[in-house]
Amino acid sequence: MSSELKIQKKSTTLESTGLPLIDLDHNRLIILLKYIIESLKKEKELKIIPELAKYLEDGLEMHFLHEEEIMKTIQYLGYRHHSNEHLKILNHCRKFFYHINLKSCRQYLLENFLNIYEKLEFHILHEDLKLKSFVEVQATTAERVSNNFYIKFQNKNKMKNLKNICEVICKKK
């Protein structure tokens, strides 16, 4: 996937799972990551980066829970490996995010956020693609679980924050 990918307000940039709400999560996470990276490249003030990193961490956490709920319900054979990959990505992010502050080196931040972008993109395009064929076989169940998860958590602060920050970012474009 090209780093020149255009962020569009109403269309998706990644469609990998066959589940619209999972794809929506993917797109929001990518929008936020790209915004952070572009902000660092354009040398915007660093004070916003820790807050954006927190939105990203919360969004990743909720998204991974969303995917795992679906995988457990449909008895996805790759569940254990997939959830371990989620844990690796989240732990990597948390270790890095914990050290971000106003004195952080811009280049260090940029390299680490680019690394996270690459890890997430790889995960979406490789691990989540494996899930797609399994979801297709159990589409009704997978869709129901996804919708129920989203209804249950859509008003939680973590999901609201990710939605709201992405709407603001898209309006700036």
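Predicted model: local features only at pLDDT ≥ 70, side-chain atom pairs only at ≥ 80, totals over all residues.
Helix α1 (residues 20-41) and helix α6 (residues 157-172) have axes that come within 9 Å and cross at roughly 60 degrees. The two helices are therefore oblique to each other, and their crossing is left-handed. On the α1 side the contact involves Asp25, Arg28, Leu29, Ile31, Leu32 and Tyr35, and on the α6 side its residues include Met159, Leu162, Ile165 and Ile169. By class, this contact has 10 nonpolar, no polar and four charged residues.

Helix α3 (residues 79-98) and helix α4 (residues 106-137) have axes that come within 11 Å and cross at roughly 170 degrees. Angles over 145 degrees count as roughly antiparallel, so α3 is roughly antiparallel to α4. Among the contact residues are His81, His82, His86 and His92 of α3, and Asn112, Asn115 and His123 of α4. The contact of α3 with α4 divides into eight nonpolar, seven polar and four charged residues.

Aromatic rings also take part in this region. The model has six aromatic pairs. In one of them, Tyr76 and Phe134 are edge-to-face, 5.5 Å centre to centre with 75 degrees between the planes. Tyr76 sits in the loop between α2 (49-73) and α3, whereas Phe134 is in helix α4, 58 residues apart. Tyr76 counts as buried at 10% relative accessibility, while Phe134, at 22%, counts as partly exposed.

The rings of Phe97 and Phe113 are stacked, because their planes lie at 25 degrees with centres 5.8 Å apart. Phe97 belongs to helix α3 and Phe113 to helix α4, so the pair ties together parts 16 residues apart in sequence. Phe97 is buried, with a relative accessible area of 9%, and Phe113 is buried at 0%. Together with Phe96 and Tyr108, these two residues form one aromatic cluster.

Notes. Residues numbered from 1 in each chain as written. Heavy atoms only, no water. Axes fitted to C-alpha atoms, helices over the stretch in contact; angles between N-to-C directions. Helix = DSSP H or I, 4+ residues; strand = E, 2+ residues; numbered from the N terminus. Parallel < 35°, antiparallel > 145°, perpendicular 65-115°, else oblique. Left-handed = near helix turned anticlockwise from the far one by under 90°. Contact = heavy atoms within 4.5 Å. Nonpolar A, V, L, I, M, F, W, Y, C, P; charged D, E, K, R; others polar. Phe/Tyr/Trp six-rings, centres within 6.5 Å; stacked < 30°, edge-to-face > 60°. Buried < 20%, exposed > 50% of the residue type's maximum accessible area, 1.4 Å probe, protein only.
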